There are 2 protein chains.
Amino acid sequence: MVEDEPVINQAVTDRLRGSGYEVVQAWDGPGAIAQFADTAPDLVLLDVMLPGFDGHEVCRRIQAERPVPVLMLTARDDEADILVGLGVGADDYLTKPFRMRELVARVAALLRRVDRAAELAVRSATELGDLRVDGAARRAWVADTEVHLTPTEFDLLLCLAANPGIVLTRDNLYAEVWGWPGASGTRTVDSHVKALRAKIGANRVRTVHGVGYALEPGRAK
Amino acid sequence: MVEDEPVINQAVTDRLRGSGYEVVQAWDGPGAIAQFADTAPDLVLLDVMLPGFDGHEVCRRIQAERPVPVLMLTARDDEADILVGLGVGADDYLTKPFRMRELVARVAALLRRVDRAAELAVRSATELGDLRVDGAARRAWVADTEVHLTPTEFDLLLCLAANPGIVLTRDNLYAEVWGWPGASGTRTVDSHVKALRAKIGANRVRTVHGVGYALEPGRAK
DNA sequence: CGAGACCTGCACAGAACCTTCACGAGTCAT
DNA sequence: ATGACTCGTGAAGGTTCTGTGCAGGTCTCG
């Protein structure tokens with residue numbers, strides 16, 4: 001994962017790790033090259049704008065060394081940018097702001113192409129009392145009954161379940177689920193929380209007045 | 001923690017330490033740069049208005065040296081100010097006066113992204129006799145029974161619990177909970193102490209006449 | 001192209017919460 | 001014991017936060 005902005009870098013890293021991948025981070029061009037040589041990753045996530053030298057340059061260099069799938073992240077929705085990227089060997093593109101789940105999906109897709117086994121590594125299910133969440137299958141159960149969640153609801157639950165009992169602010173949740181900050185002032189998170197509560201049981205998501213929400217840790221009803 | 005006003009600097013520092021973080025302080029631009037090099041912090045809290053050179057300049061310099069999350073504090077609610085901040089690499093913003101709990105929440109959010117372990121350090125639940133306080137979950141128990149506390153009550157308890165047995169003045173408490181000095185003359189703290197006493201037991205908070213309040217250290221009822 | 005599922009954000013109402021004030025009780029020093 | 005000061009208390013008033021219903025918009029699929 002190559003990205004100079006710490007917040008984004010870490011958010012993506014966390015999410016991928018949460019999905020069962022092993023991730024190493026780099027924050028600039030030279031660092032990326034070094035990490036690439038050191039760790040021999042199966043896939044490279046590359047921000048276009050980087051200190052040192054930019055993503056395209058990094059892409060060119062690592063492709064020259066060893067063919068590896070590259071997923072580029074670009075701020076602007078710039079055609080030319082994308083073409084240059086494809087020219088130097090990027091396999092896919094994602095423009096910011098992107099949904100986290102889209103990123104995960106594309107990573108999975110690229111890896112699947114290269115190595116069928118990599119896909120299987122991504123089995124990580126969380127269990128809290130009678131609530132079960134399978135991130136790989138994107139399914140959730142309450143007391144052995146599966147509940148159908150919409151994509152956003154599921155991401156929200158995933159987020160909360162990753163930190164059981166800990167209070168997450170709306171900004172927190174928004175940043176992790178939507179992949180970029182800036183929900184302040186809207187009730188979007190609230191709406192999805194409401195929907196989620198309706199499906200998994202209202203008392204499972206605790207409201208902490210003035211702060212945010214938390215998932216109740218294991219407690220069979 | 002970089003802030004020239006001693007009261008605020010100390011209040012924030014205390015509160016963060018009480019939450020389990022390690023904090024070093026600086027009071028001006030040059031000092032901040034020096035401390036940054038010396039201590040290699042995981043996160044920087046930065047006041048915009050500083051002697052020496054201002055927060056934006058500091059932010060620029062430390063970002064040039066090593067990417068690190070920066071949380072800016074600004075007096076005025078000035079859009080332009082914020083944009084400049086984001087331009088030089090600040091990750092988040094907080095306008096004064098702010099609630100301490102909001103600051104703590106944002107610090108936790110930023111750190112959560114950078115270092116998952118940092119989060120766990122904060123999971124420090126305090127236990128004093130049959131009183132238990134969990135800062136991360138924002139819950140409190142008395143003799144295994146959970147008590148519901150309002151945000152301010154909880155913050156107050158957190159403050160007191162961080163210094164069991166030690167007397168804190170009203171100014172002390174006010175600064176730590178509310179994030180800025182200036183409670184003198186009001187009975188606000190008293191009111192919340194009263195509410196807290198009603199919930200956790202009156203004898204648990206000791207009044208020290210002419211000074212302030214203190215939490216009784218471990219003493220089963 | 002149409003239907004359905006989903007996401008987003010607003011406005012409103014109600015709930016939860018904070019602050020302050022006035023007054024009486026309590027505490028301390030002389 | 002007395003006066004000066006400090007605390008505790010209850011209630012009122014205002015503020016902020018959350019829950020909810022709903023409408024507009026986007027996206028997907030047949």
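Reader: Which helices each supply at least two residues of the surface near DNA strand D?
Author: In this predicted model, they are helix H9 (188–200) of chain A and helix H9 (188–200) of chain B.

Reader: Which one gives the largest share?
Author: H9(B) does, with four residues of the surface near DNA strand D.

Reader: Turning to DNA strand C, how many residues surround it, and which are the closest?
Author: DNA strand C is surrounded by 20 residues. The closest are A:Thr150, A:Thr152, B:Thr150, B:Thr152 and B:Thr186.

Reader: Which helices each supply at least two residues there?
Author: From chain A, helix H7 (151–162) and H9 each do so, and from chain B, helix H7 (151–162) and H9.

Reader: Let us change topic. How many residues of chain A are in contact with chain B?
Author: On chain A there are 18 residues in contact with 15 residues of chain B. Helix H1 (6–18) and helix H8 (170–178) of chain A each supply at least two residues of the side of chain A that touches chain B.

Reader: Which element gives the most to that side, and what is its make-up by class?
Author: H1(A) gives the most, with five residues. By class, the side of chain A that touches chain B has nine nonpolar, six polar and three charged residues.

Reader: Now the sheet in chain A: what is the strand order?
Author: The order is E1-E2-E3, in an open sheet of three strands with parallel pairing.

Reader: Why is one side of E1 and of E3 left without a neighbour in the sheet?
Author: Strand E1 (44–47) and strand E3 (92–95) of chain A stand at the edges and have a single partner strand each, so each has one side without a neighbour in the sheet. From one strand to the next, the twist averages 25 degrees.

Reader: How many bridges join E2 and E3?
Author: Strand E2 (residues 70–74) of chain A pairs with E3(A) in the parallel sense over four bridges. A:Thr74 stands opposite A:Thr95 in E3(A).

Reader: Which helix lies across E1 and E2?
Author: That is helix H3 (residues 55–65) of chain A, which runs at about 150 degrees to E1(A).

How values were computed:
Residues are numbered from 1 along each chain as its sequence is written. Chains are lettered from A and ligands numbered from 1 in the order in which they are written. This is a predicted model: local features need pLDDT of at least 70, side-chain atom pairs count only at pLDDT 80 or more; totals for chains, interfaces and linings use all residues. Two strands pair if DSSP finds at least two bridges between them. Axes are lines fitted to C-alpha atoms, for helices over the stretch in contact, and angles run from 0 to 180 degrees between N-to-C directions. Two residues are in contact if their C-beta atoms, placed from the backbone, lie within 7 Å. Ala, Val, Leu, Ile, Met, Phe, Trp, Tyr, Cys and Pro count as nonpolar, Asp, Glu, Lys and Arg as charged, and the others, Gly among them, as polar. A residue is near a molecule or strand if its C-beta atom, placed from the backbone, lies within 6 Å of it.
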